[in-house]
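Reader: Hi! Could you walk me through a few helices in this one?
Author: Happy to, let's take a look together.
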Amino acid sequence: MTSQEIRSAFLEFFKSKEHLIVPSAPMVVKNDPTLMFTNAGMNQFKDYFLGNATPSCRRVADSQKCLRVSGKHNDLEEVGRDTYHHTMFEMLGNWSFGDYFKKEAIAWAWELLTGVFKIDKERMYATVFEGDKANGVAPDSEALELWKQFLPPSHIIYGNKKDNFWEMGDVGPCGPCTEVHVDMRSDAERAEVDGATLVNKGLPTVIEIWNLVFIQFNRKANGSLESLPAKHVDTGMGFERLCMLLQGKKSSYDTDVFQPTIAQIAALSGKKYGDSSECDVAMRVIADHLRAVSFSIADGQLPGNVKAGYVIRRILRRAVRYGFTFLGFNEPFICKLTSGLVAQMGEYFPELKAQESLIEKVIAEEEATFLRTLDTGIRLLDAEMEKLRREGKAQIDGKTAFVLYDTYGFPFDLTELMAREKGFTVDQKTFEQELSAQKDRSRNAAVVETGDWVEVKPCADFEFVGYDTCEAEACIVRYRKVKSKGKAFYQVALNVTPFYGESGGQHGDTGYLQSADERVEVLGTRKENNLTIHITAQLPKDVAAPLRAVVNAEKRTATANNHSATHLLHYALREVLGKHVEQKGSMVSSDGLRFDFSHFQKVTDAEIMQVEQLVNSLIRKNSIMVEHRAVPMKQARELGAIALFGEKYGDSVRVIRLGDSVELCGGTHVKATGQIGLFKVASEAAVSAGVRRIEAVTGEAAEQVLYSLQNIIRELAVFFHNTPNLVSAIKKTVDENADLQKQVERFVKERIATLKADMLSHAENNGEYRLVKTQMAIPPDIAKELAFQLRASAPDVVFVAAVVHDDKPVITLMLGDEIVKKGLNASLIVREAAKHIEGSGGGQPFFATAGGKNCDGLNASLQKIISLIDSKIGS
């Protein structure tokens with residue numbers, strides 16, 4: 001079976017078991033603060049397990065795209081080294097939300113694996129939970145008895161809590177699981193060693209292919225378990241592993257999931273897969289990482305420097321580095337593989353096909369940037385090794401290796417490889433200490449202590465009324481205490497709320513909760529999955545008392561103005577620049593808006609003016625906002641609504657029409673466009689390859705921008721004596737200034753030439769070199785020009801300037817070429833001398849500078865430089 005046939009067979013099987021087949025959720029997670037990426041098939045269904053939402057169908061199945069770069073078996077640096085672990089993978093799964101349980105789940109798993117996929121029954125093993133006395137959980141005898149219908153007792157194995165008890169996190173839904181393992185070894189190997197002894201031992205030929213999780217408990221913050229009112233089934237089967245098994249391969253990289261890409265890599269590199277273990281690892285890394293990066297970009301996550309963006313950049317750079325080091329690629333090449341991936345997977349995942357051009361351009365730009373960074377890193381490493389060689393040392397400091405890793409993307413093994421080639425070793429222990437310290441800093445910064453939810457009143461459904469009102473009568477349903485960075489907050493859930501929780505790029509509301517005799521400030525509001533959480537510094541004295549929830553209406557209005565303006569901006573950009581423009585991200589607050597969009601060149605000033613004019617004309621039309629709530633997606637598309645890639649939409653959606661702009665949106669908006677008042681672009685810039693960003697303001701904030709510009713123009717007019725043609729006057733002054741600058745530069749060059757000749761005539765002859773020193777108050781840029789002119793005409797000269805500039809000590813040192821050849825390094829000498837002025841410095845072997853705080857130390861610095869040069873030349 002081909003991979004496409006395998007995926008289809010799985011979905012068709014569960015469709016026949018009355019499951020609703022749902023599309024994969026985006027791999028990039030939006031409204032869940034606990035996750036950056038979807039890392040399991042169940043992520044999109046968390047609300048059902050947590051009781052925050054009621055499913056429209058109690059049986060579903062899908063193939064979910066997932067990403068894992070840390071945790072058990074998923075360390076990024078190990079992917080590609082073995083034959084079956086991946087960063088991005090598909091998880092085939094079926095779910096029951098309070099419907100069927102263990103009996104059906106196990107029976108259907110057996111039917112699919114043996115009846116449809118024809119897996120040899122004798123090669124199959126099942127593990128069941130052995131129980132946990134500490135938590136009062138008995139062995140899963142029910143699962144054991146169910147498996148005995150299909151497998152002999154020798155093929156059913158008890159597993160411990162680590163392998164056979166699944167938990168969503170430190171707290172939350174959890175339960176025992178049963179895993180299906182398959183022994184892929186040869187008959188001879190199976191006869192020699194019993195497969196049961198190899199289950200969960202890390203052997204790549206005896207692997208887990210399916211995990212059936214029975215969610216029946218809730219883990220509380222104190223570690224105890226309580227039974228859930230409804231029991232659920234959550235299963236996950238690795239698609240790539242299943243393909244490996246059914247296609248008779250020993251590696252998932254040998255299946256038709258990866259081989260087309262690996263063949264492309266081999267053709268581009270001129271190397272053959274299978275000829276070299278190093279090249280094979282590189283090809284596997286690239287084939288795997290191509291998928292992870294491409295799907296992330298398609299889902300709206302671009303490479304960046306923080307959070308999810310940093311993860312994607314790190315994955316892409318690892319692929320580039322393997323291609324650079326082992327396959328000889330020194331120019332962008334991964335971007336050339338995207339078309340093949342789209343052809344292979346674009347039918348089932350249409351977002352790939354729709355975003356193909358963007359994916360290719362973003363990857364190409366990222367590759368080019370990182371290759372330049374690699375080149376810089378290589379030169380720094382070469383310089384470090386050259387310095388160590390002169391000092392008679394043979395080990396690169398671990399801190400230097402960590403700087404190369406952290407700043408230039410050099411993993412330790414690349415530094416080690418390059419060092420070994422030139423006869424150096426690397427201090428691995430110090431490197432690992434630096435890496436561990438960095439991880440500890442990151443971990444400590446992210447530590448959040450979350451208490452258990454305290455239930456106040458039962459509530460089946462939470463209601464949001466914020467589209468219609470900024471106030472509502474409510475009561476607290478549940479709350480919990482959260483500690484972060486030494487501060488304690490409370491998260492409160494109300495049965496009815498007018499507060500909009502941060503999501504879809506829109507900042508959450510602030511306001512207060514008013515009881516009979518008390519007001520509690522709401523500091524912010526956010527969404528956790530579909531639950532609106534109100535953040536407060538304290539709780540009401542009586543948490544069971546009725547409340548009035550009140551939103552800060554002024555901030556809400558300003559935010560709505562900016563959100564509606566983003567819709568008009570999106571429409572205007574598509575009208576002015578073309579229909580290729582698609583939203584790639586946004587931020588909306590009461591202060592302003594930020595809008596990211598696909599476009600492959602800078603937006604010109606003339607185009608920005610056109611966009612502004614069109615948006616403001618739409619505002620002046622005062623179009624009434626037309627809202628369609630809870631309409632099916634098909635109807636929304638018929639209304640002309642634009643859906644955004646990377647967003648997860650439910651069975652029903654909300655459509656917002658503002659004039660000719662029609663979009664799917666869950667945010668708050670103006671009643672009519674005239675409410676926005678005025679729109680003004682503040683800036684336009686690149687975010688990454690193929691993505692631009694516009695920042696803008698509306699209403700009063702836009703007025704303030706115009707007033708500020710007016711004031712600047714008035715001040716300039718006064719400065720130029722209220723000339724009627726201000727632009728011409730400024731241009732004339734600039735041109736005159738440029739002419740004067742040229743005259744000054746000619747004068748300075750003449751003066752430096754005179755000064756150079758005078759200094760050379762008075763240079764001290766110290767035998768091996770001529771010393772030119774000065775403490776004349778000359779600016780650093782003049783000192784540098786003087787130094788370079790001396791170097792060009794006198795290779796045996798040492799030039800030192802130790803001067804006070806702007807009340808601070810400054811040292812300039814230049815070593816002529818003959819002096820550098822004797823093994824002297826200006827950068828090292830300056831660093832030592834700078835200690836006397838309580839400063840630091842550096843530079844190149846022939847030229848370096850230093851600055852400090854202690855002007856009284858300049859004479860000592862000067863003498864230190866001379867003594868260091870004399871001692872080196874004398875030796």
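Predicted model: local features only at pLDDT ≥ 70, side-chain atom pairs only at ≥ 80, totals over all residues.
Reader: Great. How many of the eight residues of helix H7 are buried?
Author: Seven of the eight residues in H7, which spans residues 239-246, are buried, so the helix is largely enclosed by the rest of the structure. They are Phe239, Glu240, Arg241, Leu242, Cys243, Met244 and Leu245.
Reader: And what do the buried residues of H7 pack against?
Author: They pack against helices H1 and H9, along with strands S3, S7, S8 and S9.
Reader: What follows H7?
Author: Gly248 does, and its phi is positive, near 70 degrees.
Reader: Okay, on to H8. Which residues are buried there?
Author: In H8 (residues 259-269), the buried ones are Thr261, Ile262, Ile265, Ala266 and Ser269. Looking down the axis of H8, these buried residues fall within an arc of 140 degrees, so they line one face of the helix.
Reader: Nice! What covers them?
Author: The cover for the buried residues of H8 includes helix H9 (277-298) and helix H11 (338-345).
Reader: And what follows H8?
Author: That's Gly270, with a positive phi near 75 degrees.
Reader: New topic: is Asn616 buried or exposed?
Author: Asn616 has a relative accessibility of 11%, and the cut-off for buried is under 20%, so Asn616 counts as buried. Asn616 sits in helix H18, residues 605-620.
Reader: Which residues is Asn616 in contact with, leaving aside its neighbours within four places in sequence?
Author: With those neighbours left aside, Asn616 is in contact with Leu678 and Phe679.

Note on methods: Residues numbered from 1 in each chain as written. Heavy atoms only, no water. Helix = DSSP H or I, 4+ residues; strand = E, 2+ residues; numbered from the N terminus. Buried < 20%, exposed > 50% of the residue type's maximum accessible area, 1.4 Å probe, protein only. Contact = heavy atoms within 4.5 Å. Arc of directions from axis to C-beta.
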